[in-house]
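Trainee: Could we take a close look at one part of this model together? I would like to go through it slowly, with the cut-offs spelled out.

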Amino acid sequence: MEVVVPEARDVVVIGGGQAGLAAGYFLRRAKLDFVILDDQPEPGGAWRHSWDSLRLFSPAEYSPLPGWWMPRQPGEEFPTADHVVAYLAAYEQRYQLPVQRPVRVNGVHDAGAWLAVDTDRGTWRARTVVSATGTWSQPHLPSYPGSEVFAGRQLHAESYRCPKEFADQRVVIVGGGNSAAQILAEVSTVAETTWVTARPPRFMPDDVDGRVLFDVASQREAARRAGLPDDGGTQQLGDIVMVPSVLEARQRGVLRAEPMFDRLTERGIAWDEDRELDCDAIIWCTGFRPALDHLAPLGLHTENGTIPTEATRSVAEPRLHLLGYGDWTGWASATLVGAARTAKPAVADIAQHLSSAVG
């Protein structure tokens, strides 16, 4: 899509992935004047960059954006990343969302009555900004002694694509979440693997998949609306969903986790002084941090990498909303269905704020 000349808008949405599109759906329904700025060359958000075998945890009908349920993928119970990308691209067209790409946002500034969104294509003025940039562009690589001397290959899960590049190698996989378990499951079919976690991995029951997680999240949201105590939701069930590849890995006996090592050596990893392990590669499945650098000019206080919010609205800058970064911006807001649930009240709040400002 050709990028239009920057001008003033009621709302500028930064990020054209699932959270940005969910916001766009409700902004259009609210009849607000808005634009979505996306730094990617094509639709699909972070799903365009996932490893080749990544799939949803649940059937398509459990992962909708607002207004249009994801169509089933022929021959596949759990949709592939490519199917999700195609769905997001079709969603943009179905609702004629005004996505401009590629547009890189350099910073958001306080400009008096407006927020100024400075981009590589000019500066937009916005009465409200919705930041929906996600986390994929900010992989977290922990600092460990010896990282600079290790002679092998180190990469984050963000850069992992397929197991064949590790064939016949000795690979250490670090992390106790779903990414680590799934990457371990397939890399262990072609390589000698060692799984390392900071704490013993917590596996969900075999019969729990995205359908159960969807129901638990729904119950949790209903309890929140009713003012009932939060029971922790899916965290009570465990951290790792037993998708088919992980179940198969368990059958092969490769889901055995070692405690976290203390340092890296030139040839591998070491636990204190009494044990070392040689390896050719280390895959860090150690999560992501919110991509918030574009908000730095606003000078907002951060806590553990997050911005204090009331629901999705910034406490210090009420013209700013944050969508899709995780539970701190709404339960399960980093998922497809969670993005929809979070975007609806956020846009309602934005519409009310803009209406009262005009009045």
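Which residue takes a positive phi just after α1?

Mentor: Just after α1, K31 is the residue with a positive phi, at about 60 degrees. Before going on, two notes on the ground rules. This is a predicted model, in which local features need pLDDT of at least 70, side-chain atom pairs count only at pLDDT 80 or more, and totals for chains, interfaces and linings use all residues. Residues are numbered from 1 along each chain as its sequence is written, and side-chain values use heavy atoms, with hydrogens and water left out.

Now to the helix itself. Helices are DSSP runs of H or I with at least four residues, strands are runs of E with at least two, and both are numbered from the N terminus. Helix α1 covers residues 18-29, and its 12 residues should span 16 Å at 1.5 Å a residue; the expected span is 1.5 Å times one less than the number of residues. The end C-alpha atoms of α1 are 17 Å apart, which agrees.

How is α1 placed? Because 10 of its 12 residues are buried, α1 is largely enclosed by the rest of the structure. Here buried means under 20% relative accessible area, exposed over 50%, and partly exposed in between, with a 1.4 Å probe and protein chains only. Among the buried residues of α1 are Q18, A19, G20 and L21, as well as Y25 and F26.

Y25 and F26 belong to one aromatic cluster with W68, Y87, Y91 and Y95. Rings of Phe, Tyr and Trp (its six-membered ring) pair if their centres lie within 6.5 Å; planes under 30 degrees apart count as stacked, over 60 as edge-to-face and the rest as tilted. The structure holds 13 aromatic pairs. One of them joins Y160 and F166, which are stacked at 6.1 Å centre to centre with 20 degrees between the planes. Y160 counts as buried because its relative accessibility is 0%, and F166 is likewise buried at 0%.

Rings also meet charges here. A charge sits over a ring if NZ of Lys or CZ of Arg is within 6 Å of the ring centre and within 35 degrees of the ring normal. R125 lies over the face of W114, 4.6 Å from the ring centre, while the charged end of R275 sits over the ring of W271, 4.1 Å from its centre.
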